[in-house]
Amino acid sequence: MNQADLQALRNPLLMVAGVALLGALAVYSSGRLMIAARQQLAQQQVQLKDARTRLHKSGEEKDIIVRYLDGFRQLERTGFVGEEQRINWLDGLRLANQQADLFGVDYQIGAQRPYAYAADFSPGALALNQSIMRVRFRLLHEGDLDRFLDALARQGAGIFAIDQCLMRRIDTRGVIRFQPNVNAECDLSWITVRVGASGEQKKP
Amino acid sequence: MADKLLIGISAHIVTSAHWRGGRIVECLTFANDEGGQADFKEYLDRSADMPAHIMVDAVEEDYRFETLPHAYGSDRAEMVGRKLKQHYRNTTYMAATLLGRDTGKRRDDRYLFSALTNPDLIADWLQAVAARGMPIAGIYLLPMVGSGLLDKLDVKATNLLLVAQHATGLRLTFFRDRQFRLSRLTRGDSGRPENRTRYFTEEISNTRLYLHALRTMTLDEHLTVLLVDRGDELQEEAVGVARDNPSLDCVRLGRGELAGRLGIDNSLLEASPYAIYLHLLGLKAPLSNLAPASTMVGYRRYQARRAIYAACGALAVAAAVWSGTNLYQTVMLRGDTEDAARQTALLSSQYLEITRQFPQAPTSAENLKKTVEIAQRLRATAHTPQKVMALLGRALETSPAIVIREFGWKYGVTEIEAEGAGARTLDAAPSARAPAGQRKESALLDGEVRPFRGDYRSAIVTINGFAGRLAEEPEVSEVKVIKLPLNVNPALSLSGNTLDNPEQGGTAEFKLLLVLKPPK
């Protein structure tokens, strides 16, 4: 095929190119529509399956609500569920200090952030947060540390985990009297959980 | 079926037929002179674009049978082209048709070479067609086209002589085993019927003698004469030929039979003696095309154009079918989606109806359960320094010389750091994403051996003994002495004075790292 042949066949070749282009466009567009429709169907089928499962397990769901609602309300009151109750924590510190006969507690609370070990508890849709509280206090002897931590836990101000503690003996030059002998410093993680807007029940 | 312009050219008349839908729809005859050419050009101007198939009925024709060594591809084309040039130097209208293989040992190729030896006969007509811009699809000799008549009539005779009265004379074409062997066009007087019978008989006899001379057929062999009588005017001649030649059969094909068996209108048979052949040419073009490549350029482009348009059509149809299938599936899928949505809505409304009977809860049942369980687990897995302090106390009971000055404890993925544990800031607390691994308890002990009187060996033994007792505890994973009172590492320098009084300020300090086994 030479130049003259190509020139003579220019219009048909342009037409075949145009038809091929339009055809490809039509096939591509219709294919995209089909894929989108298939995805929508898949999503809808998942929703349908969820709805069917939810309906099927509605009796079981009622049992769960009845069984766990009181415990949940209790956790709400202690401040584990919902916003942080820092005032409760400080009240707890004050009371624990009194009950353990300590010499006062200094505290410092950091900003709230996601709980570092949340994945260990598989929280799903729940958001676990933590605020680190560093407490510094003085002890008569090392055994007071355990008493203080027990007392703090008993206050019901929330749930905390002890990350680390440091005790350092104070040099009293051998004098024996009622005085602090040990400096202590602990990092506590106050853990809270957020379950979504208050009063919102999961709807289908 | 595509339109064709079928043109039959003879020395006296030119017949043009318009082929459409598998039959001739128009047939016109022009005189082979200037006036006829002018009329023909006018006719072409009125006609639509279509390929022209040209048939020539002329005395100036030549046929040769040749046997050539068997060859393929370009070798064959080159050899055949050379032979054609040797035979026909003065014409460009020639063709070679492969008839088959020879039966001899060499199994050579048998060819029929044919040519129109007077190209001027068709030059003006071809020029008119080319000037109109119509592509020339092929140029054929009438006897080659006439071979198609045998197929249409399904003639079984071994030796067949096809005889037809044309404008230019009597055309006699001989076929053996339905394969073309010879054709003659005679110019003789056929005016009165009695002369015509004698004329036919003589020409048939001459042809038989010629065939005998060529050793194509002996005079004793039986011959079937097929007399084409398009005007129903050769009844007497047919009877006369049969009577005068007892060794042959003479079969006359009248107008009605021709029209019936070929599917051609009576009016066309009357319009031109070439209408039969043009009809055959329209049905199927013979293999022996005399047109050179230069003449066929337009037709090649025409075919290419048609092929491209056909490809366009195929593409469009394929795209339409494909797109249509996609759209059909899309519609079906959307229907299924709507059905699923309706079912979901129905199930959801049923679920809502049921949940109205549930106790009022601040969140979903799943969240309630998970929240309570997480709180329980957090409480159950809480760790305090109490366990480490207890096992430390047990070890100290048997090591009264060990005094602990500082005690650090940590529960985390990493162990407690040896230095600066108390100097951390809250920003250094565990980050949002803890390092991978299981958390465990670790403790750092900073102490001294008291009393110490400069006996480093004894102090180190005491410290190692204390560490050993700790390591014996089943919950302990590892005990590491980080610092000893005297660093005896040979890689470091060591200095001091033996006259120094240790009781006045010397100490035997040490540091131990204690790591518990991770909780199970």
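The exercises below, each with a worked solution, concern side-chain contacts and backbone features in a predicted model. Residues are numbered from 1 along each chain as its sequence is written, and chains are lettered from A in the order in which they are written. Because the model is predicted, local features need pLDDT of at least 70 and side-chain atom pairs count only at pLDDT 80 or more, while totals for chains, interfaces and linings use all residues; side-chain values use heavy atoms, with hydrogens and water left out.

**Exercise 1. Aromatic pairs**

Classify the ring pair A:F137 and A:F148, and then the ring pair B:Y111 and B:F113.

Solution. Start from the general point that a pair of aromatic rings is described by the distance of the centres and the angle of the planes. The rule used here pairs rings of Phe, Tyr and Trp (its six-membered ring) if their centres lie within 6.5 Å, and it calls planes under 30 degrees apart stacked, those over 60 edge-to-face and the rest tilted. By this rule the count comes to 16 aromatic pairs over all chains.

Next, take A:F137 and A:F148, whose centres are 4.6 Å apart and whose planes make an angle of 45 degrees, which gives a tilted pair. This pair links distant parts of chain A, since A:F137 belongs to strand β3 (residues 127-139) and A:F148, 11 residues away, to helix α5 (residues 143-154); helices (H or I, at least four residues) and strands (E, at least two) are DSSP runs, numbered from the N terminus. For the burial of the two residues, apply the cut-offs of under 20% relative accessible area for buried, over 50% for exposed and in between for partly exposed (1.4 Å probe, protein chains only). A:F137, at 2%, is buried, and A:F148, at 0%, is buried as well.

Then turn to B:Y111 and B:F113, where a centre-to-centre distance of 6.0 Å and an angle of 25 degrees between the planes make the pair stacked. B:Y111 is buried at 3% relative accessibility, and B:F113 is buried at 0%.

**Exercise 2. Charges over rings**

Which ring lies under the charged end of A:R54, and which one under that of B:R181?

Solution. The criterion asks that NZ of Lys or CZ of Arg be within 6 Å of the ring centre and within 35 degrees of the ring normal. For A:R54 the ring is that of B:Y351, with the charged end 5.4 Å from the ring centre. For B:R181 the ring is that of B:F65, and here the distance to the ring centre is 5.1 Å.

**Exercise 3. The disulfide**

Locate the disulfide and determine its handedness from the torsion about the S-S bond.

Solution. A disulfide is a covalent bond between the sulfur atoms of two cysteines, and it is assigned here to a pair of cysteine sulfur atoms within 2.5 Å. The count comes to 1 disulfide over all chains, and it is formed by A:C165 and A:C186, whose sulfur atoms are 2.0 Å apart. The torsion about the S-S bond is about 110 degrees, so the disulfide is right-handed. Since A:C165 lies in strand β4 (residues 159-169) and A:C186 in strand β5 (residues 182-194) of chain A, the pair ties together parts that are 21 residues apart in sequence. Both ends are buried, A:C165 with a relative accessible area of 3% and A:C186 with one of 0%.

**Exercise 4. Backbone exceptions**

Solution. As background, most residues other than glycine have a negative phi, and most peptide bonds are trans. The bond joining B:R450 and B:P451 is cis, with omega about 0 degrees, and B:P451 is found in the loop between β15 (440-449) and α13 (456-471) of chain B.

For A:S122, phi is near 45 degrees; this residue is placed in the loop between β2 (113-114) and β3 of chain A, and it is partly exposed at 48% relative accessibility. For B:R107, phi is about 50 degrees; this residue is found in the loop between β6 (94-101) and β7 (109-116) of chain B, and its relative accessible area of 41% makes it partly exposed.
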